[in-house]
Amino acid sequence: MQLRIPGPTPVPPEVLQAGAKPMINHRGKDFAVLIQSLTARLKELFVTKNDLYLLTGSGTGALETSIVNTLSPGDKVLGVTIGEFGERYLDIAKTFGADLVRMDVEYGTPADPDAIRRALQADPAIKAVIITHNETSTGVTNDIRAVGKIAREFDKLLLVDSVSGIGSLLYPVDEWGGDIVSASSQKGWMTPPGLAMVSVSAKAWEFNKVAKMPRSYWDLGAAKSYLAKDQTPWTPAVSVMYAMDKGLDLMMHEGLANVQARHARIANTIRTGVKDMGLQLLARDETYASNTVTAIRVPEGVNAGDLLRTIRADSDIELATGQGSLAGKIFRIGHLGWITDEDARIILDGIAKALPKVGFKAGAVAGR
Ligand SMILES: Cc1ncc(COP(=O)(O)O)c(C=O)c1O
């Protein structure tokens, strides 16, 4: 089976095996070694000297962590959304009482850094910017380097959802900026679901001193005081940590630059392949097309469910549907984490084989 949804992603056998180790005392010496080693290597892969915390939960928990630990109800926040995960980030901020200034960007396009600059110029009361690095629902990557520069220039807190980005995509946190950057184990890390990761800057800690949003499980203060003892405040997902220990070994062995180059190369193969079949990407400008997930328009006359079912039945490949308002309009290929050039060709073959069976006629692509 080729599991090619944008997370959970396939996990190499040696990583699965590492996750099957016997339990240890999470307040003992072996755990101290494990968490130290994971934290140090994750910092290398985030290219940051900021604090970094492993949280037991999914990516959404990391997003909530970033908001409730830095903001107070009534704080003005510029919420930039280019898709369904941007919506989710904004929803969390709103739920906890942020005064949201929305920037809605048409699905299939990235945010315009100049528009962010103008929004910050127009409203000096804005304290923070929240944004998605790589929008998994549309297959579009935002220019976080440019956004980071602007956030620094205006001295705003920058919270970045990089759940399907960092590691697989270039994002040197210290160089580009990002006060809390969120990630999750089941994406590019070749690890099962269950762990979230956040890097936390000195500026985020400054905001934390006065942040009044309610928090308990996701309290970074607790995470900080326990990490000083090589522990976590609550019982961690020890098995997923063991698995990640092996996943990170694999990434470090390949080398971060090589991991990212492989993602870029495979994404390019996928994009070229689907376009050659006569399909259209959702991303309007390929410069911003994601190197971890490709969103493809469902061609005219084709039913998305039939297409994915046929690909699964004939080729044993699991692709993803569109989410929210994109349901039925697009399908998505996750190509992050444990994936080779050969896998990319297998995926393309599976799609090519299924298309004629579900009524696809080359040329009859969905209009833009
Ligand atoms: C960009 C992005 N943000 C947030 C999430 C939410 O992560 P989780 O499902 O692990 O809570 C995802 C997961 O697909 C994602 O792709």
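**View 1. Gly 74 sits in the loop between helix 3 (59-68) and strand 3 (76-81).** This is a predicted model: local features need pLDDT of at least 70, side-chain atom pairs count only at pLDDT 80 or more, and totals for chains, interfaces and linings use all residues. Residues are numbered from 1 along each chain as its sequence is written. Helices (H or I, at least four residues) and strands (E, at least two) are DSSP runs, numbered from the N terminus. Gly 74 is exposed, with 9 other C-beta atoms within 10 Å. A residue is exposed at 12 or fewer such atoms, buried at 20 or more, and partly exposed in between, with C-beta atoms placed from the backbone.

**View 2. Gly 74 is in contact with Gly 97 and Asp 99, leaving aside its neighbours within four places in sequence.** Contact means that two C-beta atoms, placed from the backbone, lie within 7 Å. Glu 286 is 212 residues from Gly 74 along the chain, and their C-alpha atoms are separated by 38 Å.

**View 3. Helix 12 (residues 304-315) buries Ala 304, Leu 307, Leu 308 and Ile 311.** Down the axis of helix 12, these buried residues fall within an arc of 95°, so they line one face. The arc is that of the directions from the helix axis to the C-beta atoms. On the other side, Ala 313 and Asp 314 are exposed.

**View 4. The buried residues of helix 12 pack against strand 12 (317-318), strand 13 (320-321), strand 14 (330-334) and helix 13 (341-354).** Asp 316 follows helix 12. The phi of Asp 316 is positive, near 60°.
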